[in-house]
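Please keep the sequence and the coordinates open while reading.

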Amino acid sequence: MNSYTHGVSATPLLGDTIGANLDRTAAAWPDREALVDVPSGRRWTYAEFAADVDTLARALLASGVAKGDRVGVWAVNCPEWVLVQYATARIGAIMVNINPAYRTHEVEYVLKQSGVSLLFASLSHKTSDYQAMVEQVRGDCPLLREAVYFGDPSWEALLGRATPDARPEELSCDDPINIQYTSGTTGFPKGATLSHHNILNNGYFVGESIGYGEGDRVCVPVPFYHCFGMVMGNLAATSHGACIVIPAPSFDPKATLEAVQQERCTSLYGVPTMFIAELNLPDFASYDLSSLRTGIMAGSPCPVEVMKRVVAEMHMAEVSICYGMTETSPVSLQTRMDDDLEHRTGTVGRALPHIEVKIVDPATGVTRPRGTAGELCTRGYSVMLGYWNEPEKTAEAVDAGRWMHTGDLALMRDDGYVEIVGRIKDMIIRGGENIYPREIEEFLYGHPKIADVQVIGVPHEHYGEEVLACVIPRDPADPPTLDELRAYCDGRLAHYKIPTGLRVLDTFPMTVSGKVRKVELRERYGA
């Protein structure tokens with residue numbers, strides 16, 4: 001059987017804009033909580049949230065923002081971020097998400113490439129002075145006419161411009177309303193352009209897959225600037241009448257568990273490293289997490305032992321694994337609430353409703369037999385409109401048949417579930433043998449001295465590449481040696497997969513969305 005499947009569903013796609021969908025939710029559950037900001041104690045019911053979104057939308061119109069104009073958001077998680085998300089969608093402006101970790105060089109590129117005319121930003125966070133950085137780049141961004149800061153008089157001044165007669169233009173659900181810059185490993189990031197139809201449906205069906213309803217309360221410690229926060233978090237919640245709970249401006253394991261306990265959250269999101277940080281808190285056992293039933297883990301593979309603890313000790317019996325990418329709104333594959341432990345840790349699930357998935361030979365584009373590795377491709381409502389103003393790069397990623405080529409190596413099981421084997425770029429070729437780092441990493445997680453591990457290929461004059469293990473030890477005072485590591489692997493892994501090098505580290509270089517930057521490890525140790 002070929003590696004092709006599609007998500008069959010009796011539930012139709014939504015044909016709404018995001019604004020129309022929010023109005024429907026607010027009409028159905030006006031008095032239910034829509035948004036809670038734990039740090040400030042502020043709360044909104046759906047009626048209050050919709051009213052504040054409407055006020056901000058009218059203020060934007062009064063400020064000269066029209067359908068199709070780009071509005072930037074460069075901020076950490078806060079209620080104003082969510083209001084901007086829904087207000088820009090309501091008037092058909094295109095919200096440009098800007099990574100809060102960006103510095104002047106990167107933010108200047110994004111502001112100019114997307115043509116942002118109005119920028120919302122945090123004043124500051126930790127060591128970042130956003131206001132000072134905006135002033136540094138403003139002179140080189142001729143289209144940027146106004147900057148508004150959250151928690152600053154400029155925010156109140158903008159809201160004060162709202163007039164009751166301001167009305168948005170008519171909108172289509174296929175209009176672009178969001179640009180998200182992908183974390184490019186080479187060159188500048190690309191702006192994946194997404195429509196109402198893309199992200200509203202993706203958020204809705206992710207929420208459907210874990211049984212969201214108006215009684216759910218979703219703790220979102222992942223960043224809003226990323227699809228994980230604003231689509232899988234915010235849009236999944238609002239399309240079901242559920243409540244968005246913000247535990248902190250940026251990830252803090254203690255604040256996250258306190259928010260779950262205080263707000264009686266039913267769902268918790270995170271990448272595996274976030275769950276590991278929460279489980280490893282010295283006072284973890286003191287938190288009452290009994291309200292949890294589900295949640296989403298995404299961003300990177302979940303080690304089996306971590307998943308066991310999340311289910312048993314965090315009460316997340318219905319936790320789900322999601323796989324996706326910014327260019328596909330983001331989720332293509334997801335495990336379901338009743339999947340067993342092996343499927344939740346050994347696979348990234350099966351196709352979401354209305355999504356097609358296939359595995360192809362990267363060289364020929366021919367669909368591979370099931371159980372055979374190849375490049376994962378997806379097609380459906382979720383595929384982006386394109387990269388903003390970059391048609392050539394769009395054509396490289398999305399083929400003539402509208403298939404998105406992910407760059408991930410995967411195989412499809414007989415039951416339609418998909419295993420991610422690795423990135424095509426991460427695959428190690430040693431003496432003609434293809435080696436998938438994920439397999440070795442999963443094996444090494446079982447070593448008693450290893451807390452976390454990443455496997456990379458480094459140049460070798462005879463074999464082309466060799467296997468290097470980068471490990472974070474459980475006890476920094478007693479790290480594993482290379483001899484111990486090799487002895488652990490001997491007879492259990494093929495000889496060519498056994499690491500010939502070892503680096504002991506305190507931390508791994510990470511993206512802001514929680515993924516390990518393997519490219520940086522290769523640059524550091526591949527010389």
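Contact here means heavy atoms within 4.5 Å.

## Basis of the report

This is a predicted model, in which local features need pLDDT of at least 70, side-chain atom pairs count only at pLDDT 80 or more, and totals for chains, interfaces and linings use all residues. Residues are numbered from 1 along each chain as its sequence is written, and side-chain values use heavy atoms, with hydrogens and water left out.

## Surroundings of M232

Helices (H or I, at least four residues) and strands (E, at least two) are DSSP runs, numbered from the N terminus. M232 is part of helix α8, which covers residues 227-238. Not counting residues up to four places away in sequence, M232 touches V206, C227, Y269, I296, A298, C322, P330 and V331.

Accessibility is sorted into buried (under 20% relative accessible area), exposed (over 50%) and partly exposed (in between), with a 1.4 Å probe and protein chains only. M232 has a relative accessible area of 3% and is therefore buried. Between the C-alpha atoms of M232 and R474 there are 32 Å, and the two residues are 242 residues apart along the chain.

## Backbone exceptions

Most residues other than glycine have a negative phi, and most peptide bonds are trans.

K126 is not a glycine but has a positive phi of about 50°. K126 sits in the loop between β7 (124-125) and β8 (128-129), and its relative accessibility of 70% is why it counts as exposed. R402, also a residue other than glycine, has a positive phi near 70°. R402 is found in the loop between α13 (391-397) and β22 (404-412), and is partly exposed, with a relative accessible area of 38%.

## Nonpolar cores

A nonpolar core is a set of buried Ala, Val, Leu, Ile, Met, Phe, Trp, Tyr and Cys residues joined through side-chain atoms within 4.5 Å. In the largest one there are 115 residues, and F49, F120 and M314 have the most contacts inside it. Leaving out residues up to four places away in sequence, F49 touches L22, A34, L35, W44, V82, L83 and Y86. Another core, of 23 residues, lies apart from it and includes V110, V137, C141 and Y181.

Two strands pair if DSSP finds at least two bridges between them. Strands β2 (residues 33-37) and β3 (residues 42-45) are antiparallel and share 4 bridges; E33 has T45 in β3 as its bridge partner. The two strands make a hairpin with 4 residues between them, and G41 in the turn has a positive phi of about 80°.

An open sheet of 7 strands has the order β9-β6-β4-β5-β10-β11-β21, with mixed pairing. Because β9 (146-149) and β21 (386-387) each have a single partner strand, they stand at the edges, and one side of each is left without a neighbour in the sheet. Strand β6 (residues 116-121) pairs with β9 in the parallel sense over 4 bridges. F120 of the largest core has V148 in β9 as its bridge partner.

## The three-stranded sheet

In a second open sheet, 3 strands follow the order β26-β27-β28, again with mixed pairing. β26 (450-460) and β28 (501-504) are at the edges with a single partner strand each, so one side of each has no neighbour in the sheet. Strand β27 (residues 464-473) runs parallel to β28, joined by 4 bridges, and L468 stands opposite G501 in β28.

## Domains 2 and 4

Domain bounds come from an automatic or database domain assignment. The assignment gives domain 1 (46-171), domain 2 (196-353), domain 3 (355-380 + 389-424) and domain 4 (426-526). Taken over C-alpha atoms, the centres of domain 2 and domain 4 are 28 Å apart. Their contact takes 11 residues from domain 2 and 9 residues from domain 4.

Buried area is the accessible area (1.4 Å probe) that two parts lose on being put together, summed over both. For domain 2 and domain 4 it is about 860 Å², with 58% on carbon and sulfur atoms. T273, P301 and P303 supply 35% of the area that domain 2 buries against domain 4, more than any other three residues.
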